[in-house]
Structures are given as structure tokens and as C-alpha cells.
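Here are a few notes to read with the model open beside you. Take them one point at a time.

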Amino acid sequence: MKESNSQAFRRGFRDGIPIGLGYLAVSFSIGIAARNIGLNAFQGFLMSLLNNASAGEYAGLTVIAANSPYIEVAIVTLITNARYLLMSCAMSQRLSPDLSLGHRLLMSYDITDELFGIAISRPGTLNPYYTYGAMVTPLPGWAFGTMLGVIAGNIMSPRMVSAFSVALFGMFIAIIIPPSKQNKVVAGLVALAFISSFAAT
């Protein structure tokens, strides 16, 4: 029996709740970074609402802090977020061929690693309302978490701000350690990435 749009939306909403809670916590450190370069709470909120990507935002903030021109900010953010182009291509293969351009554009607005993961694991053709439901909690969770990080950064002591500034790196390390332990090829690629990054610096 085919799932209705409302059923798909409710299922997506349910599946998105833990992602949204995780985003609320992780984006707090983005807010700290935004505060450190002089953004206010509204600017941090708007930045995260329009660019729901941790690595892309952090790269953008780094370039903004260096007083780079707008075009450089755009290019760095585009390159950092390029993996979402691949995810979009993969997800497009799971959509009905007659799905409207409007639905496709709305779905593409919030393709993140986690939302892509839960959507692509759904069996059969992907109902766009599942994706809409899944976005309901993560999107505001990311934006409000960033805003709260900016606000907290203005209240906390410099030592606390410094500690929270590295929380995002902790998240990335938590992502790469488990697969690196299980697969020597992955561990080698992670080591190569670290070496390449250090050499580039």
C-alpha cells in the first residue's frame, strides 16, 4: 500500500527529530565561531538558516575573518559544500520522473549528510513530503543553535569560549574515528588527508 503525503510527512518529521536535536548542539560551536569574528545573534541565525552546512559555514567564517572579498567567500563555500552536489545527483535517481521542478528545488534546499542518509535509505521512490517532514526540526535546530552559540559566547568567560570553539573539530573526529578503526583503507585515507592539509597550510 502506497504511503500518503501526510503519512510520509509524519514519518519524515519523526525521523528528523534526533537529527534536529543533534544539530542544535553541534551548531552551538558555529555560533561561537561566528561571535568570534563579530557576527551578532541575528546574523548567525540567518547564516545558518541559509547555509545548513557545518564545514561550509566554518570555512566561510574563516574567510570572512580574513577580510576576504565576497567572491572568495562564495568560492570557498561552494568548494567546501561540493559534496552536496553528488548527494543531490544520487537523490535525484530516487525521485519520480514526473516530479515537478518546484518539489525538486524545495528538496534540494536542505540536503545535509544526515538528512540525505535517512532519505536515501527509504525503500522505493522517495516521496518529497518525507523530506519536508524530515527538515522541520533540523533546519530551525541548526539556525537556533547558532544563534544561541553567539548569545552564549557574549556571556561566557574567554576560557569557556575557547573550549567551545574546538567543539566542531570534536564532532568531525567523532565521525572519522569509528570507520577508521574498522577499515585500514579508511584509516590510511584519513591520515593522508591530515598530511595533505598540513602540507597545504
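**Notes on the model**

1. Start with Leu21, which sits in helix 1 (residues 5–36); helices here are DSSP runs of H or I, at least four residues, numbered from the N terminus. This is a predicted model, where local features need pLDDT of at least 70, side-chain atom pairs count only at pLDDT 80 or more, and totals for chains, interfaces and linings use all residues. Residues are numbered from 1 along each chain as its sequence is written, and side-chain values use heavy atoms, leaving out hydrogens and water.

2. Leu21 has a relative accessible area of 55%, so it counts as exposed (over 50%; buried is under 20%, partly exposed in between, with a 1.4 Å probe and protein chains only).

3. Now the rings: there are three aromatic pairs (ring centres of Phe, Tyr or Trp, its six-membered ring, within 6.5 Å; planes under 30 degrees apart are stacked, over 60 edge-to-face, the rest tilted). Tyr23 and Trp142 have ring centres 5.3 Å apart and planes at 75°, so they pair edge-to-face. This pair links distant parts of the chain, with Tyr23 in helix 1 and Trp142 in helix 9 (residues 138–155), 119 residues apart. Both Tyr23 and Trp142 are buried.

4. Is Thr77 buried or exposed? Its relative accessibility is 17%, so Thr77 counts as buried. You'll find Thr77 in helix 4 (residues 70–80). Leaving aside residues up to four places away in sequence, Thr77 touches Asn51, Gly56 and Gly60 (contact means heavy atoms within 4.5 Å).

Methods. Helix = DSSP H or I, 4+ residues; strand = E, 2+ residues; numbered from the N terminus.
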